[in-house]
Amino acid sequence: MPVDKDSKSSADLSISHELVTLIRGFFATPVITAVGRLGFFEFILKQPVFSSSDFPQAANQSLLKNIFQYLERLDLLKSLQEGQYECTPLGKQIFQRLSSFLAPHSYGDYMVRLYDQLIQAPPLHQPKVDRLENILGSGRTHERYFPTAISYIRRKLKPQWIVDIGCGDGKFLGFVLQDIPEIKSIGIDLSEVSVQTTQKNLKQRFPGRTIHAFDCNGADVSTWSQKVKSFVNEESLTISMWFLLHEISERDPSRVIRFLTEVHRLFPRTPLAVCELVRQSAELLAQNRQTLVMPEYLLFHDISGQGVLSWTEYQTILKQIPYDLVMQRTFDEIGSELETPEPATFVWVLVPRPS
Ligand SMILES: C[S@@+](CC[C@H](N)C(=O)[O-])C[C@H]1O[C@@H](n2cnc3c(N)ncnc32)[C@H](O)[C@@H]1O
């Protein structure tokens, strides 16, 4: 049988493309994250022509030069003369999305230790998430999910307090304080770095506003509820949870049901704003692998013990909690001829049913 030359070469090309994609991320993500953390992107936005000596904070100048050459080979930088560079149009587009690299890269320690983890019997030395990188990346990446929830809170719920469980760097609280005059805020996070960053960021930006933050495990509702009640007294509040449920689910929807039922018992008149990631089916993700980074998101959530649940599991949760869904917004839905579309992320506003 004659070989169809054209289709053979396009098959070879597509295998090469897959291979390059698989390998490139391993190198490009740490490179972009590292220069991003140097302040590279803020600098080049103001100063379009630059050289490595514009970054004296990089003590290892020869490494920085190697990095610039690598970025040139990826068509992200263009070399001019005498060691000077400018960004290409592609580079500008990519560098503006630094935050997309930060959250995945914050799990770098898990990836570097993968082989050791694989061949050792538990208990293992737990790799660490780079918290600062994580909160910087997640805060920015999540900005697009905030407006619908904030608009609903401002127009319909009108609380005197907003309490954000898993407050990160306080990004969400910052948007709420900016959009809703007079509202008072409380940030709660497991990580002390997050609590300190939230407090510092918000107090600087909103002097004179009521801003509290403290560290506590969000799953320990009885502890944080007491502290929250001591601040708010009888005033009204809304509780928000951005990507917290998967932190406490352990992949078991009944843990989420118990958690939300406990929140309802202690705050029976308080609405909730919830945002979550969805475990989309492997088939859907495989079909859409070239445009979605969800396979990587699910991997680092899984190996760091975070239980992202499926859309079906969230529908089950909804039926079994003492709340009514009053607002839903879904993001990045993917579907196929065979499967109904599933979102990658959703925002819910839930109002409590009378007990
Ligand atoms: C995705 S970030 C939240 C983003 C944040 N609300 C914002 O405005 O950008 C998740 C945060 O939840 C925190 N976290 C994780 N598990 C937690 C838990 N069990 N209790 C409280 N906070 C937790 C993490 O430290 C992290 O800062």
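User: Which residues of the largest nonpolar core touch the most other members?
Analyst: In this predicted model, Tyr145, Ile162, Phe172, Val176, Trp242, Met294 and Val347 touch the most other members of that 39-residue core, a nonpolar core being a set of buried Ala, Val, Leu, Ile, Met, Phe, Trp, Tyr and Cys residues joined through side-chain atoms within 4.5 Å. Buried means under 20% relative accessible area, exposed over 50% and partly exposed in between, with a 1.4 Å probe and protein chains only.

User: And which element gives the largest share of this core?
Analyst: That is α9, with five residues; helices (H or I, at least four residues) and strands (E, at least two) are DSSP runs numbered from the N terminus.

User: What about Ser225, buried or exposed?
Analyst: Ser225, which sits in helix α12 (residues 221-232), is buried at a relative accessible area of 4%. Beyond its neighbours within four places in sequence, Ser225 is in contact with Leu266 and Phe267, where contact means heavy atoms within 4.5 Å.

User: Switching to Leu22, where does it lie?
Analyst: Leu22 belongs to helix α1 (residues 5-37), and it is exposed, with a relative accessible area of 67%.

Notes: Residues numbered from 1 in each chain as written. Predicted model: local features only at pLDDT ≥ 70, side-chain atom pairs only at ≥ 80, totals over all residues. Heavy atoms only, no water.
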